[in-house]
Amino acid sequence: SGMKRNSFRHVVETTRAVLSRIEAFGAFPRSDAVYQFKITLRDSNPPIWRRIQLKDCTLDKFHEAIQTAMGWTNSHLHHFRVGDSMYGDPELVGDNESDIEYLDSLHIRLTDILPVQGEPLTMEYEYDFGDSWYHDIEFEGRSRKDKGVKYPRCLDGARAFGRRRGVARAGDGSRPQPSRSVPGDAGAAVCGRAGRAGDRRAHRD
C-alpha cells in the first residue's frame, strides 16, 4: 500500500506541475492568444525599438507588422533567422542568387516556431540585403487578447529615424543616430498605424 500511495502522490505532483506550467503560459484557446515581441534596430545608439502584440499569423504577416511599427516602407527584401533556420518568401529571396535554403514564410506561422511553454526566444530579422538593417527580436510571451482591441498593435517604443525621409548612413558608414527621442508612453506615437490600432500602454525600455 505504501508503494501505491507513493505512486499516487507522484501522479498528483506531476499533474499539478503540468497544470501550473499551463496556467503560467496561459490556459486559453489559441484563438484568444496574442504574442508580444520587442524589436530593436541593431547598432542604433541610443536604441530604436518597438514593442508590439499580434495574433498568430504567418511570418510574412509578421514582417508587415514589423515594417509598419519600425517605419520602414517595405521596399526591399527581407528574411528571418531563427536558430539555424532561415525563413523568407522563396520566390523573392530565391532570385537573390543566394545558396541559402529558405523555409516558406508565406505558410509558416508564429506558433510553428515559438516555444510551446512560452520560454524566451530571440530571432533575427534582416531588411534590405544591400544595407543589411538587422533587427533583434525578443519573444516576450503570450497573453489573452483584450476585447475590442484591433491587432496588431504597438504598445510602446522609443526614438525614430525620420521614416518619411528614409534612413541614411552617416558619412563614415556607421549607423544613423535617432532623429529624436520618444521615451515612455509617448513612444507608441511613432509606431505607425499599429500604434493607433489599440491603446498605448507604457512599458519600460
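This is a predicted model: local features need pLDDT of at least 70, side-chain atom pairs count only at pLDDT 80 or more; totals for chains, interfaces and linings use all residues.
Visitor: Why is Asp-43 called exposed?
Guide: Exposed means over 50% relative accessible area. Asp-43 has 55%, so the residue counts as exposed. Its place is in the loop between strand E1 (33–41) and strand E2 (49–54). Tyr-134 is 91 residues away from Asp-43 in sequence, yet the C-alpha atoms are 8.4 Å apart.

Visitor: What makes E5 and E8 edge strands?
Guide: The open sheet has 8 strands, in the order E5-E4-E3-E6-E7-E1-E2-E8, with mixed pairing. Strand E5 (102–104) and strand E8 (153–158) each pair on one side only. On average, neighbouring strands of this sheet are turned by 30° against each other, direction ignored.

Visitor: How do you know that E1 and E7 pair?
Guide: Pairing asks for at least two bridges between the strands. E1 and strand E7 (residues 133–144) are joined by 9 bridges, so they pair, and they run antiparallel. Across this pairing, Lys-38 stands opposite Glu-138 in E7.

Visitor: And what makes E3 and E4 a pair?
Guide: Here there are 3 bridges, against a requirement of at least two, so E3 and E4 pair, in the antiparallel sense. Phe-80 has Tyr-87 in E4 as its bridge partner. Their hairpin has 2 residues between the strands, and Gly-83 takes a positive phi near 65° there. E3 is also joined to E6, by 4 antiparallel bridges, with Arg-81 opposite Glu-124 in E6.

Visitor: Why is the pair of Phe-37 and Phe-139 called tilted?
Guide: Ring centres within 6.5 Å make a pair, and planes between the 30 degrees limit for stacked and the 60 for edge-to-face count as tilted. For Phe-37 and Phe-139 the centres are 5.5 Å apart and the planes at 45°, so the pair is tilted.

Visitor: What makes Trp-72 and Trp-133 a tilted pair?
Guide: Their ring centres are 5.7 Å apart and their planes at 40°, so this pair is tilted. Trp-72 sits in the loop between H2 and E3, and Trp-133 in strand E7, 61 residues apart. Trp-72 has 13% relative accessibility, under the 20% limit, so Trp-72 counts as buried. Trp-133, with 2%, is buried as well.

Visitor: Which residues touch the most other members of the largest nonpolar core?
Guide: Of its 32 residues, they are Phe-37, Ile-52, Phe-62, Phe-80, Met-123 and Ile-137. H2 gives the most to this core, with 6 residues. Helix H2 (residues 59–70) lies across several strands, including E1 and E2, and runs at about 140° to E2. Beyond four places in sequence, the contacts of Ile-52 include Phe-37, Phe-62 and Ala-65.

Definitions and conventions:
Residues are numbered from 1 along each chain as its sequence is written. Side-chain values use heavy atoms; hydrogens and water are left out. Buried means under 20% relative accessible area, exposed over 50%, partly exposed in between (1.4 Å probe, protein chains only). Axes are lines fitted to C-alpha atoms, for helices over the stretch in contact, and angles run from 0 to 180 degrees between N-to-C directions. Contact means heavy atoms within 4.5 Å. A nonpolar core is a set of buried Ala, Val, Leu, Ile, Met, Phe, Trp, Tyr and Cys residues joined through side-chain atoms within 4.5 Å. Rings of Phe, Tyr and Trp (its six-membered ring) pair if their centres lie within 6.5 Å; planes under 30 degrees apart count as stacked, over 60 as edge-to-face and the rest as tilted.
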